[in-house]
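Subject: Structure handover

Hi,

Here is the structure for you to look over.

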Amino acid sequence: TTSAGNTNITIDPNGSGTLALGSADNTAATVDAIAFSIDATGGASNISLAADGAADDLTVAVTGSQDASLVLSSAGTGADAVQLTASAGGMDVTSAGAMDITTSAGNTNITIDPNGSGTLALGSADNTAATVDAIAFSIDATGGASNISLAADGAADDLTVAVTGSV
């Protein structure tokens with residue numbers, strides 16, 4: 001606690017010493033503040049949780065019903081500048097609103113490739129439409145049976161394949 005003037009408390013190890021807060025036998029470390037900043041310069045860094053039981057989850061969250069965002073960004077230039085990896089389990093991405101996945105430079109592709117003989121499923125039985133809008137598209141299949149089908153359940157359910165414009 002400081003006694004006057006809203007002064008700062010600075011803890012600075014001598015030379016290139018390491019600042020350690022707590023030890024392996026501490027049960028918790030808490031940081032409560034109006035705002036906080038954790039910055040590192042020039043070295044690989046991490047925030048990690050060594051889980052040793054079920055439900056040992058690490059949660060990063062923005063709470064409160066405000067126009068606030070959780071922003072994860074990288075100025076890295078490698079093909080893996082941002083990685084999301086689940087090395088032993090699955091991954092869920094859920095949005096209460098629209099979801100956009102967009103590349104922003106270099107006419108770059110978006111590739112979705114299930115492992116091995118996995119299936120790429122777009123939509124489900126309760127979706128009202130799946131739309132493909134592009135200058136060109138192709139559907140290619142090699143080996144095995146392929147089909148395009150419409151399960152009609154009404155009088156106006158049509159499957160139309162047409163070429164329009166100048167040929």
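The second largest pocket holds about 1,200 Å³ of space. A pocket here is an open set of points on a 1 Å grid over the protein atoms alone, where a 1.4 Å probe fits, with protein on both sides within 12 Å along at least five of seven lines; lining residues have an atom within 4 Å of a point. Volume is the space filled by probe spheres set on the points, which are joined across faces, edges and corners. Its lining counts 21 residues, and Ala130, Val132, Phe137, Ile139 and Ile148 are the closest to its centre. That lining splits into 13 nonpolar, six polar and two charged residues.

This is a predicted model: local features need pLDDT of at least 70, side-chain atom pairs need 80 or more, and totals for chains, interfaces and linings use all residues. Residues are numbered from 1 along each chain as its sequence is written, and side-chain values use heavy atoms, without hydrogens or water.

The largest pocket has a volume of about 1,600 Å³. Of its 30 lining residues, Val31, Phe36, Ile38, Asn46 and Ile47 are the closest to its centre. By class, the lining has 16 nonpolar, 11 polar and three charged residues.

Ala55 counts as exposed because its relative accessibility is 65%, where exposed means over 50% (buried is under 20%, partly exposed in between; 1.4 Å probe, protein chains only). Asn107 is exposed too, at 80%.

Best regards

Methods
Nonpolar A, V, L, I, M, F, W, Y, C, P; charged D, E, K, R; others polar.
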